[in-house]
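Me: Could you walk me through one part of this protein model up close? I'm new to reading structures, so please keep it plain.

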Amino acid sequence: MVPGTRLLILGKQGAGKGTQAVRLARHYAIPHISTGDMFRAAVRSGSEFGRKARKFMDAGELVPDDVVIGLVQERLRENDARYRGFILDGFPRTVLQAEALDDMLPDPGIELVLDLEVPTDIVLRRLASRRVCVECGTNYSLENPPTDPETCDVCGGKVVQREDDTVSAIRRRLELYEEQTAPLIAWYMKKDKLVTVDGVGHPDKVNERLIRAIDRRLRRGVEA
Ligand SMILES: [Zn+2]
C-alpha cells in the first residue's frame with residue numbers, strides 16, 4: 001500500500017459499509033471520512049457550510065450538491081487527508097459529485113472504489129429485524145433481542161421497530177439507492193477504478209476480502 005491512498009466505499013444500507021470503512025481506516029492508518037459524521041460535526045461547529053447545510057436539514061430538504069461538495073472539499077484540505085489519503089464513505093452519490101471530487105484531488109483522483117455487494121433479500125432481512133429502544137437508543141435485532149423482547153436491558157424503555165424499518169419502506173430506500181448509484185458505478189467501471197467485493201458473511205471474512213482486493217489492485221498499479 002502506497003501512502004496517500006485515496007479509497008472510496010459504496011454499498012447499500014445494511015451492507016455493513018460503515019463498519020468495514022472504520023476497519024479499513026484502522027488497517028491502513030488513513031482517516032475515515034463519512035459525510036454523515038461530517039454533516040453532524042459541521043453543524044455542531046457552526047462553520048459556513050455547516051450553517052448552510054443546517055438550513056436545508058431543518059427545512060427537511062436534501063442538502064444541495066454545492067453545499068455537500070463544499071463540505072467535503074473543506075475536509076479533504078486537512079493535513080491528514082492530504083498526506084495520508086482517506087477512505088470516503090457516503091460521498092459521492094452522483095456522477096456530478098464524483099467529477100467534483102476528482103477536481104479536488106491530485107491525479108489520478110480516487111484510486112480505488114470498493115463496491116460492497118450484498119443481495120437485496122439479505123439486507124432486507126437484516127434491516128427488517130432491527131429493533132431499537134425508544135428511550136436510550138440501544139440497538140437490538142430479532143436474532144439478538146433483549147431478555148424481554150419488548151423491554152430494554154439497559155434502561156427498561158420500550159423496544160420497538162423504527163417506523164422507517166418496515167419492509168416496504170426499506171425496499172423503497174434500497175430501490176432509490178440502486179437507481180441513484182447505478183450511473184456512478186458505471187462511471188467508475190469505465191475508468192477501471194471499481195472493484196466489487198462480496199459483502200456476505202462474517203465481518204472478519206468480509207474485511208479480509210476487502211484488504212486482499214485493495215492490496216492486489218494497488219500493487220498492480222505500482223508495478224504498472
Ligand atoms: Zn434503553
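What covers the buried residues of α7?

Reply: Quick ground rules before we zoom in. This is a predicted model, so local features need pLDDT of at least 70 and side-chain atom pairs count only at pLDDT 80 or more, while totals for chains, interfaces and linings use all residues. Residues are numbered from 1 along each chain as its sequence is written, and side-chain values use heavy atoms, leaving out hydrogens and water.

Now to your helix. The cover over the buried residues of α7 includes strand β5 and helix α8 (167–190); cover here goes by contact, meaning heavy atoms within 4.5 Å. Helices (H or I, at least four residues) and strands (E, at least two) are DSSP runs, numbered from the N terminus. Helix α7 spans residues 120–128, and its buried residues are Val123, Leu124, Leu127 and Ala128. They sit on the same side of α7, because they cover an arc of only 125 degrees around the axis (the arc is taken from the directions from the helix axis to the C-beta atoms). An α-helix has 3.6 residues a turn, so residues three or four places apart point the same way. "Buried" is under 20% relative accessible area, exposed is over 50%, and partly exposed is in between, using a 1.4 Å probe and protein chains only.

Let's follow each of those two covering elements. Cys133 and Cys136 belong to a zinc site: the ion's protein donors are the SG atoms of Cys133, Cys136, Cys152 and Cys155, lying 2.3 Å from it. Donors are N, O and S atoms within 2.8 Å of the metal (3.2 Å for Na, K and Ca), and sites may look incomplete because water is not among the atoms. Angles of 102 to 116 degrees among the 4 donor atoms make the site tetrahedral, a label for four donors with all angles between 85 and 135 degrees. In sequence, the donor residues follow the spacing C-x2-C-x15-C-x2-C.

The contact uses Val95, Ala98, Glu99, Leu101 and Asp102 of α6 and Pro183, Leu184, Trp187 and Tyr188 of α8. Helix α6 (residues 95–104) has Gln97, Ala98, Ala100, Leu101, Asp102 and Met104 buried. What covers those residues includes α8, along with α4 (65–76) and β3 (85–89).

One last stop: Asp115, found in strand β4 (residues 112–117). Asp115 counts as buried, at 8% relative accessibility. Leaving out residues up to four places away in sequence, Asp115 touches Leu10, Gly11, Ile185, Leu194, Val195, Thr196 and Val197.

So, back to your question: β5 and α8 are both among what covers the buried residues of α7.

Notes:
Four donors count as tetrahedral if all angles lie between 85 and 135 degrees; four count as square planar and six as octahedral if opposite donors are over 155 degrees apart and all others between 65 and 115; anything else is irregular.
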